[in-house]
Amino acid sequence: MKLYKIKKSKIDNKGKGLYATRDIKEGTKIIDYVGKIITNKQVDESEKFDNKKPIYLFTLNKKYTLDGDFSWNTAGLINHSCDNNCDYNGKGLKVWITAIRDIKKGEEFTCDYGFGYDEDYKQFPCKCGSKKCCGYIVREESRWRINKKFAMGNKKKLTKKK
């Protein structure tokens, strides 16, 4: 039995997402992220990889990237969340999605897309709706740059006040 089913996403109102078909334990491998292995030079030179359209790229190493922009890459339906329940793991030229905490049946699988904080970050608004959301799809360690409440010093102060 597959660990997921495809349904309309609660995060991406126009698109689909993957949902757990049963309770899943932390550390469980959910699905492989598949695609075509290309060189980083091909990524730099291709008009296909433009920030104005969805991009499904994973840098594998200094030379290669995995292009997952194919209809047969079901894992590409996993949406971003600032409070993700899955993460991308890889070894060599293979990437898979793994649960980073226990996930309840019916819960949407989410990952932190890990986008960098740069001059283009505002092109990628986040719609996850979590309490940890900074408003943009930016990797966790850079979110404090957008919203100071995510700074490590403030995080400790907020924890003490509770």
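Visitor: What makes you say that the charged end of Lys48 sits over the ring of Phe70?

Guide: A charge sits over a ring if NZ of Lys or CZ of Arg is within 6 Å of the ring centre and within 35 degrees of the ring normal. The charged end of Lys48 is 5.0 Å from the centre of the Phe70 ring, and it counts as sitting over that ring. Lys29 is another case, lying over the face of Trp96 at 5.0 Å from the ring centre.

Visitor: Before we go on, what kind of model is this, and how are its residues numbered?

Guide: This is a predicted model, with residues numbered from 1 along each chain as its sequence is written; local features need pLDDT of at least 70, and side-chain atom pairs count only at pLDDT 80 or more, while totals for chains, interfaces and linings use all residues. Side-chain values use heavy atoms, with hydrogens and water left out.

Visitor: How confident is the predictor, going by the mean pLDDT of the protein?

Guide: pLDDT is the predictor's confidence in each residue, from 0 to 100. The mean for the protein is 86, and 90% of its residues reach 70 or more. Where pLDDT is low, the predicted coordinates should not be read in detail.

Visitor: How many helices and strands are there in the protein?

Guide: There are two helices and 10 strands. Helices (H or I, at least four residues) and strands (E, at least two) are DSSP runs, numbered from the N terminus. Along the sequence the pattern reads β-β-β-β-α-β-β-β-β-β-β-α.

Visitor: Why is the pair of Phe70 and Trp72 called stacked?

Guide: Rings of Phe, Tyr and Trp (its six-membered ring) pair if their centres lie within 6.5 Å; planes under 30 degrees apart count as stacked, over 60 as edge-to-face and the rest as tilted. This rule gives eight aromatic pairs. In Phe70 and Trp72 the ring centres are 4.8 Å apart and the planes stand at 15°, so the pair is stacked.

Visitor: And what makes Tyr113 and Phe115 a tilted pair?

Guide: Their rings are 5.8 Å apart centre to centre, with 45° between the planes, and the pair is tilted. Tyr33, Phe58 and Tyr88 also form one aromatic cluster.

Visitor: Why do strand 3 and strand 8 stand at the edges?

Guide: Two strands pair if DSSP finds at least two bridges between them. Three strands form an open sheet in the order 3-9-8, with antiparallel pairing. Strand 3 (29-33) and strand 8 (86-91) each have a single partner strand, so one side of each is left without a neighbour in the sheet.

Visitor: How do you know that strand 9 pairs with strand 3 and with strand 8?

Guide: Four bridges join strand 3 to strand 9 (residues 94-99), and strand 8 and strand 9 pair over six bridges. Asp32 has Trp96 as its bridge partner in strand 9, and Asp87 stands opposite Thr98 in strand 9. In the hairpin of strand 8 and strand 9, which has two residues between the strands, Gly92 takes a positive phi near 65°.

Visitor: What makes Ile97 count as buried?

Guide: Ile97 lies in strand 9. Its relative accessibility is 0%, so Ile97 counts as buried. Leaving aside neighbours within four places in sequence, Ile97 is in contact with residues including Ile30, Ala75, Ile78 and Cys111.

Terms used:
Buried means under 20% relative accessible area, exposed over 50%, partly exposed in between (1.4 Å probe, protein chains only). Contact means heavy atoms within 4.5 Å.
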